[in-house]
Amino acid sequence: VHGARQERFGDTLAAYPGSPRVWRGSVREAGPRGVYLADVGPGSARAQFIPLPEAGQYRRYEVPLGVDGKPSQADLERMRLECGPKDFLSVGVSGTVDSDQKAIEAEAGLQAEFSPKVRRYETRPRDIEVIENISGNQLAAEFLAELENIKPLPGTPDERKWLYARRFGCEALAARLKAGK
């Protein structure tokens, strides 16, 4: 109901710009808020979407933590650049860390920094695996450094695949550490 859409039914154009403000944390509400400017003539109709930046956006971020429990500076900088005072920000942290306390501290740090800068801040459940001493493992450090070198653009289907590859790679490393290899 709250997301923008435009569709043709035969010769009829139906255009709905979505709600003027983001109400729920949902990917269906992602993207800019705006209005449609209709151009209707004999036998034709067009609707041009005009964004209203003042209305804010729903922004959802997956923040993968390093084994040290810290988000990457690149991820933080991207969030700082993209988020505005009218936005609804939803943040989830994930990763493999030495202790759950590091994930809790990272989550609290994100909330402390971004909550005052946006209209609404939401924390999603953590997706964290705790493996003691993983931050001291050279193979884990090298694996994560190489993954950072091939990190895809945010919001693309490849980003989701990259997050899964990162998670499954860390889980495999964790299994090796637990087995003493």
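These legends walk through several close-up views of the predicted model.

In this predicted model, local features need pLDDT of at least 70 and side-chain atom pairs count only at pLDDT 80 or more, while totals for chains, interfaces and linings use all residues. Residues are numbered from 1 along each chain as its sequence is written, and side-chain values use heavy atoms, with hydrogens and water left out.

**View 1**
Helix 4 covers residues 157–178; helices (H or I, at least four residues) and strands (E, at least two) are DSSP runs, numbered from the N terminus. With 22 residues, helix 4 reaches 32 Å from its first C-alpha to its last, close to the 32 Å expected at 1.5 Å a residue; the expected span is 1.5 Å times one less than the number of residues. Look for E159, W162, L163, R166, G169, C170, L173 and A174, the buried residues of this helix. Here buried means under 20% relative accessible area, exposed over 50%, and partly exposed in between, with a 1.4 Å probe and protein chains only. Seen down the axis of helix 4, the buried residues fall within an arc of 140 degrees, so they line one face of the helix. That arc is taken from the directions from the helix axis to the C-beta atoms.

Strand 6 (57–64), helix 1 (73–82), strand 7 (88–97), strand 9 (127–130) and helix 3 (138–149) are included in what covers the buried residues of helix 4, where contact means heavy atoms within 4.5 Å. Turned away from that buried side, the helix carries the exposed residues P157, K161 and K178. Just after helix 4 you will find G180, with a positive phi of about 80 degrees.

D75, L76, R78 and M79 are the buried residues of helix 1. They cover an arc of only 160 degrees around the axis, which puts them on the same side of helix 1. Their packing partners are strand 6, strand 7, helix 2 and helix 4. Over on the other side of helix 1, Q73, A74 and L81 are exposed.

**View 1. Helix 2 and its cover.**
Helix 2 has 15 residues and reaches 21 Å from its first C-alpha to its last, close to the 21 Å expected at 1.5 Å a residue. A103, A106, E107, L110 and F114 are buried in this helix. Viewed down the axis of helix 2, these buried residues fall within an arc of 95 degrees, so they line one face of the helix. Their cover includes strand 6, helix 1, strand 7, strand 8 (120–123) and strand 9.

**View 2. Two nonpolar cores.**
A nonpolar core is a set of buried Ala, Val, Leu, Ile, Met, Phe, Trp, Tyr and Cys residues joined through side-chain atoms within 4.5 Å. Of the 16 residues in the largest core, V63, L65, L89, V91, L110, F114 and Y121 touch the most other members. Strand 6, helix 1, strand 7 and helix 2 (100–114) each supply at least two residues of this core. Zooming in on F114, and leaving aside its neighbours within four places in sequence, its contacts are L76, M79, R80, L89 and Y121. A second, separate core of 8 residues includes V67, I131, C170 and A174. In soluble globular proteins, nonpolar side chains tend to be buried together.

**View 3. D87 in its loop.**
D87 sits in the loop between helix 1 and strand 7, and at 5% relative accessibility it counts as buried. The D87 side chain reaches the backbone nitrogen of Q57 at 2.7 Å, and that of G84 at 2.7 Å. Leaving aside neighbours within four places in sequence, D87 is in contact with G56, Q57, R59, E82, V118, R119 and R120.

C83 counts as buried at 16% relative accessibility, and C170 is buried with a relative accessible area of 3%. Taking a disulfide as a pair of cysteine sulfur atoms within 2.5 Å, the count comes to 0 disulfides. P116 lies in the loop between helix 2 and strand 8 and counts as exposed at 66% relative accessibility. In the loop between helix 3 and helix 4 lies I150, exposed with a relative accessible area of 60%.

Technical notes
A polar contact is a pair of N or O atoms within 3.5 Å; within protein, one must be able to donate a hydrogen and the other to accept it, and residues adjacent in sequence count only if both atoms are side-chain atoms.
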